[in-house]
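I opened a new notebook page for this structure and wrote down what I looked up, entry by entry.

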Amino acid sequence: MAKRRVVPARAALVAAWCGAAVLSAALLASVRLSQTPGDDVDPAWQRPGILDLGELPEPAPDLAGVDLRAGLPTAVFFADPERVQPLCGELSGWDRPPGLAAVVVAADPTSCPDDVATVEADPSEAAEAFGLRRPRGAVDTTGYAIIDGAGRVRYRTLDPLAAQLLDEVSTMSRGLR
Amino acid sequence: MSRWIRMFAPWLVVGSVEAGLYASYGAHDARFHWATHLLVGATVALVAMALFSLSTGRPARFPALWILLGHLFAMFPDFLFEAGYPHKWWMELFLFHIRSHFVPGRNLFWLATFLTALAAYLAVLDQRVRSEA
């Protein structure tokens, strides 16, 4: 005869439910508390997000000296003074998807490789025009926007680690259609 | 002693795996993803466990494993993303992988569904399974 499994007493079941409620609420609180200045206010916009969510796509603003409506998808990076050199260093070795243009907006983007267009401007102001939020605290924006061939913003995010996560930019750029 | 080990060892293993997954999402400042897919996967797993117990009159064995499998299924498109495949709408097949981030209340909504599903499963254990024992 098959052995029956014993069901715990009702009080134990209630205790299990209460324990699960406390534990899961604590986990959610820890997720909330672990947000950094690079996090978006609305976490659903955080990476690894997808293209075309919510209010996107929307037309990209003009960027001095760069034609974002030339038919090529473009990754526009915004880099604070501290991160522009590491970003440009990583961009020079980046295995960029074919047909994807790259632009760096920074106060001093001179360290960027030749095949990357540069715009000398305040990265925070430029990023704001693309719909990126300003990070909390007195720091400049670091992040990027992905523009499709029709000049529409398809994805944007603050990302202090953009230089180390260029593979994610590649992946999302391949999602353009 | 061995009864306690049998009871808690699966939870320890699953807890370790979940801690690893949590850390991996943390590298992307995307811990909310981990929480969403865990709660969605666990909710579906608990509903499946309740249906199983209702139909068989037995508790589901290895409940921690059911929940882990539910989570892994819900987050599967994120494994694909890491492998270089961008998110597409067909990935909604994985327990509404994309839309689950956009329900009103977001993770609080999924916390409520998880706790409701857990209550339902425990009620099935208390009523249906206990009556069979």
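This is a predicted model: local features need pLDDT of at least 70, side-chain atom pairs count only at pLDDT 80 or more; totals for chains, interfaces and linings use all residues.

The entries below go from the sheet of chain A to the fold and loops of chain B.

**Entry 1: sheet order in chain A.** I looked up how the strands are arranged. Chain A holds an open sheet of six strands with mixed pairing, and the order is 1-6-5-2-3-4. I then checked which strands form the edges. They are strand 1 (58-59) and strand 4 (117-120) of chain A, each of which pairs on one side only.

**Entry 2: strand 2 of chain A.** I asked how many residues of strand 2 of chain A are buried. The count is five of five, so the strand is largely enclosed by the rest of the structure. I also listed the side-chain directions. T74(A), V76(A) and F78(A) point one way, A75(A) and F77(A) point the other way, and all are buried.

Entry 3: Strand 2 and strand 3 of chain A run parallel and are joined by five bridges. Within this pair, V76(A) is opposite V103(A), and F78(A) has V105(A) as its bridge partner. On the next step, strand 3 (residues 101-106) of chain A runs parallel to strand 4 of chain A, with four bridges between them. Here V105(A) stands opposite V119(A). As for cover, five of the six residues of strand 3 of chain A are buried.

**Entry 4: helices on the sheet.** I looked for helices that pack against these strands. Helix 2 (residues 84-92) of chain A lies across strand 2 (74-78) and strand 3 of chain A, and it runs at about 165° to strand 3 of chain A. Helix 4 (residues 166-174) of chain A also packs on the sheet, where it touches strand 2, strand 5 (143-147) and strand 6 (152-158) of chain A. The direction of helix 4 of chain A makes about 20° with that of strand 5 of chain A.

**Entry 5: chain B overall.** I turned to chain B and asked what its secondary structure consists of. Chain B has five helices and zero strands, and its pattern along the sequence reads α-α-α-α-α. The C-alpha trace of chain B spans about 50 × 35 × 25 Å along its principal axes. Chain B has 133 residues, of which 49% count as buried. Among its contacts with a separation of 6 or more, 61% come from residues 24 or more positions apart.

**Entry 6: surface and charge of chain B.** The accessible surface of chain B is about 6800 Å², and carbon and sulfur atoms account for 75% of it. I also looked up the charges: chain B has 10 positive and 7 negative ones, and their mean positions are 9 Å apart.

**Entry 7: positive phi in chain B.** Most residues other than glycine have a negative phi, so I noted the exceptions I had looked up. L95(B) has a phi near 50° and lies in the loop between helix 4 (76-82) and helix 5 (107-132) of chain B. R106(B) also has a phi near 50° and is placed in the loop between helix 4 and helix 5 of chain B.

**Entry 8: cover at these two positions.** R106(B) is partly exposed, at a relative accessible area of 28%.

Terms used: Residues are numbered from 1 along each chain as its sequence is written. Chains are lettered from A and ligands numbered from 1 in the order in which they are written. Side-chain values use heavy atoms; hydrogens and water are left out. Helices (H or I, at least four residues) and strands (E, at least two) are DSSP runs, numbered from the N terminus. Buried means under 20% relative accessible area, exposed over 50%, partly exposed in between (1.4 Å probe, protein chains only). Contact means heavy atoms within 4.5 Å. Accessible areas come from the Shrake-Rupley method with a 1.4 Å probe; for residues, only the protein chains shown count as cover. Lys and Arg count as positive and Asp and Glu as negative; His and the chain ends are not counted. The place of a charge is taken as NZ of Lys, CZ of Arg, CG of Asp or CD of Glu. Two strands pair if DSSP finds at least two bridges between them. Axes are lines fitted to C-alpha atoms, for helices over the stretch in contact, and angles run from 0 to 180 degrees between N-to-C directions.
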